[in-house]
Amino acid sequence: QGVAPGAYLINARALDAFGGAYVSWVVNAIDWAVSQGADVISMSIGWMPGDIVQLLNEASDAAWESGSIVVVSAGNSGPLSGTISSPGMASRAITVGASDVFNGTTYWSSRGPSTNGLIDPDVLVPGANILSTIPNDIYEVYSGTSMAAPAVAGVAALLKSVFPSVNIDIIRSAIISTATDMGRSVFEQGAGMVNALE
């Protein structure tokens, strides 16, 4: 069912069959999603910092300015600090790290700070051993911040459906400010575990 089972999904395929892409492909996909009126954009992708990658951060921030809540995975390069990938380092995106079954940060979830000095990730949700769909109506178990980010996108969709006219900056603030502090470094957990009920 997922976090927001009533959400209407649109899909933009920006990667090739091997998971590779040019940054321009992803920027075009973000722009297309905005043009389709996407309330929430969920991206489970990541590039390490560089001049070209800054275009991806800017596209994510531009989507936010256009009214789309952007939720992105932090990356899977932990436990080293400073390993948040782009567009997770975009200033407006909600960047999501992964927790394990013990509610601790997974060892592989990327840590902040972002190279532009932001405190990232913003929040955590479970990202280890997550049942996920694959083609041909099959389910398999996967782990990664790519499994975590869509759950936060679902929470954002729920909030948007209940409060459709509220500024999306307030929705972002609500998700982050009501997270449960797990007692770990802010660069490991952000504000803590997302608490949709709160």
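Modeller: Helices (H or I, at least four residues) and strands (E, at least two) are DSSP runs, numbered from the N terminus. This is a predicted model: local features need pLDDT of at least 70, side-chain atom pairs count only at pLDDT 80 or more, and totals for chains, interfaces and linings use all residues. Residues are numbered from 1 along each chain as its sequence is written, and side-chain values use heavy atoms, with hydrogens and water left out.

Biologist: In which element of the protein chain is confidence highest?
Modeller: The chain mean is 93, and 98% of the residues reach 70 or more. Confidence is lowest in strand S5 (residues 130-134), with a mean of 89. The highest mean, 98, belongs to residues 168-177, helix H4.

Biologist: What percentage of the contacts with a separation of 6 or more join residues 24 or more positions apart?
Modeller: A contact means heavy atoms within 4.5 Å. Among contacts in the protein chain with a separation of 6 or more, residues 24 or more positions apart account for 66%.

Biologist: What percentage of the residues in the protein chain is buried?
Modeller: Buried means under 20% relative accessible area, exposed over 50%, and partly exposed in between (1.4 Å probe, protein chains only). Of the 198 residues, the buried ones make up 42%.

Biologist: Why is strand S2 largely enclosed by the rest of the structure?
Modeller: Look at both faces of the strand. Ile69, Val71 and Ser73 point one way, Val70 and Val72 point the other way, and all are buried. S2 (residues 69-73) is therefore largely enclosed, with its buried residues numbering five of the five.

Biologist: Which residue in S2 is the bridge partner of Val40?
Modeller: Two strands pair if DSSP finds at least two bridges between them. Strand S1 (residues 40-43) pairs with S2 in the parallel sense, over four bridges. The partner of Val40 is Ile69.

Biologist: Which residue in S3 stands opposite Val71?
Modeller: S2 also runs parallel to strand S3 (residues 94-99), and three bridges join them. Across from Val71 stands Ile94.

Biologist: Which residues form the aromatic pair, and what is the angle between the planes?
Modeller: Rings of Phe, Tyr and Trp (its six-membered ring) pair if their centres lie within 6.5 Å; planes under 30 degrees apart count as stacked, over 60 as edge-to-face and the rest as tilted. The structure holds one such pair. Tyr22 and Trp25 form it, edge-to-face, at 5.1 Å centre to centre and with planes at 80°.

Biologist: What is omega for the cis peptide bond that joins Gly112 and Pro113?
Modeller: Most peptide bonds are trans. Pro113 lies in the loop between S3 and strand S4 (123-126). For the bond between Gly112 and Pro113, omega is about 0°.

Biologist: What is the phi of Asp137?
Modeller: Most residues other than glycine have a negative phi. Asn103, in the loop between S3 and S4, has a positive phi of about 65°. Asp137 sits in the loop between S5 and strand S6 (138-142), and at 78% relative accessibility it counts as exposed. Asp137 is not a glycine, yet its phi is positive, about 55°.

Terms used
pLDDT is the predictor's confidence in each residue, from 0 to 100.
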